[in-house]
Amino acid sequence: RRQRQMCIRDSLEQAALAMGKATTKTATAASEALGYMALAGWNVDQSISALEPVLRLSEATQMDLARCSDLTTDSMSALGLSVDELGEYLDICTAANNNANTTAGALMEAFIGCGGAAKTVGADMIDMATALGVLANNGTKGTEAGTALNSMLVRMSSKDVAINAMKELGVSVFDTSGEFIGLNNVLVQLSDAMSNLTTEQQTAYMSSIAGTNYYTEMSYLLNSCLLYTSDAAD
């Protein structure tokens with residue numbers, strides 16, 4: 001057992017040293033990043049394979065490496081993503097960093113806040129990233145954005161007052177098989193259903209659906225829902 005532990009330690013040290021030479025980050029910083037991956041339950045092989053992509057994101061976004069590793073593992077855990085999905089996930093975070101008024105770090109903070117609800121209903125990750133980008137462009141970012149989107153998802157999928165309001169509009173977040181139809185589809189249908197209503201009626205429906213604390217954020221999403229496509233975060 002001791003020999004195995006020494007082999008694991010040597011493998012991690014060699015990986016950290018190699019990345020210290022190949023990137024702008026130090027071996028010490030790389031070692032700290034590996035530590036956060038271990039805390040997240042990633043095994044040695046997973047951590048070593050993930051190290052360079054996380055390092056590259058840290059370089060590209062000017063984010064502290066330890067924080068980058070910590071946010072990556074926490075947000076992926078919240079979303080229920082596996083290590084095999086790391087590459088796609090980091091691509092989405094980088095795209096948001098480059099194309100929306102937010103940072104990869106702030107997006108990950110938001111995902112930590114809304115990842116549980118997204119995972120529960122089966123929301124598409126790109127839809128979620130696009131929605132969080134829209135909120136960021138309107139001044140709602142990071143943890144605040146995650147809390148807002150989490151509340152909206154929970155209400156639309158489980159709260160009677162929201163479900164009944166949407167039913168009046170002819171909208172449901174679930175199809176006939178009980179599967180989530182997608183955040184994009186929900187928003188497009190709500191936008192269409194409310195397009196001919198008065199401002200007073202629209203506000204009342206948004207308040208019932210999103211709650212009085214977040215109906216403004218819902219208005220941002222509805223106003224921008226035509227931007228939601230499957231490749232919006234590319």
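Helices (H or I, at least four residues) and strands (E, at least two) are DSSP runs, numbered from the N terminus. With that in hand, select Ser 151, which is found in helix H8, residues 142–158. This is a predicted model, in which local features need pLDDT of at least 70 and side-chain atom pairs count only at pLDDT 80 or more, while totals for chains, interfaces and linings use all residues. Residues are numbered from 1 along each chain as its sequence is written, and side-chain values use heavy atoms, with hydrogens and water left out.

**Stop 1: Ser 151**

Stay on Ser 151. Is this residue buried or exposed? Ser 151 is buried, with a relative accessible area of 19%; buried means under 20% relative accessible area, exposed over 50%, and partly exposed in between (1.4 Å probe, protein chains only). Now show its contacts, a contact being heavy atoms within 4.5 Å. Leaving aside neighbours within four places in sequence, Ser 151 is in contact with Ala 210 and Tyr 214.

**Stop 2: the whole chain**

Zoom out and show the protein chain as a cartoon. The chain has 12 helices and 0 strands, and its elements, read from the N terminus on, run α-α-α-α-α-α-α-α-α-α-α-α. The C-alpha trace spans about 70 × 35 × 25 Å along its principal axes. Of the 234 residues in the chain, 47% are buried. Among contacts between residues at least 6 apart in sequence, 63% join residues at least 24 apart.

Then colour by charge. Lys and Arg count as positive and Asp and Glu as negative, with His and the chain ends not counted. The place of a charge is taken as NZ of Lys, CZ of Arg, CG of Asp or CD of Glu. The mean positions of the 13 positive and 26 negative charges are 12 Å apart.

**Stop 3**

Select Arg 56, whose place is in helix H3. Arg 56 is partly exposed, with a relative accessible area of 35%. Not counting residues up to four places away in sequence, Arg 56 touches Ala 22 and Thr 23.

Move on to Gln 62, in the loop between helix H3 (44–61) and helix H4 (65–79). Gln 62 counts as exposed, at 69% relative accessibility. It has a positive phi of about 60° although it is not a glycine.

**Stop 4**

Select Thr 102, in the loop between helix H5 (86–99) and helix H6 (104–121). Thr 102 is buried, with a relative accessible area of 11%. Residues up to four places away aside, Thr 102 touches Ala 96, Asn 97, Leu 107 and Ala 136.

What else does Thr 102 line? Together with Ala 106, Leu 107, Ala 110, Leu 132, Gly 133, Ala 136, Thr 140, Lys 141, Gly 142 and Ala 145, Thr 102 lines the largest cavity. On a 1 Å grid over the protein atoms alone, a cavity is a set of points where a 1.4 Å probe fits but cannot get out, and lining residues have an atom within 4 Å of a point. A search of the whole structure finds 1 cavity of 30 Å³ or more, and about 40 Å³ of space lies in the largest cavity. Grid points are joined across faces, edges and corners, and a volume is the space filled by probe spheres set on the points. H6, H7 and H8 each supply at least two residues of the lining.

**Stop 5: Met 128**

Select Met 128 in helix H7. At 0% relative accessibility, Met 128 counts as buried. Its contacts beyond four places in sequence are Phe 111, Cys 114, Ala 118, Ala 123, Leu 149, Leu 153 and Leu 183.

**Stop 6**

Finish with Met 206 in helix H11, buried at 10% relative accessibility. Its contacts beyond four places in sequence include Met 194, Met 218, Ser 219 and Leu 222. In helix H12 (residues 215–223), Glu 217, Met 218, Ser 219, Leu 221 and Leu 222 are buried. These buried residues pack against helix H7 (125–137), H8, helix H10 (183–194) and helix H11 (199–210).

Key
1 Å grid on protein atoms, 1.4 Å probe; cavity = no way out; pocket = protein on both sides within 12 Å on 5 of 7 lines; lining within 4 Å.
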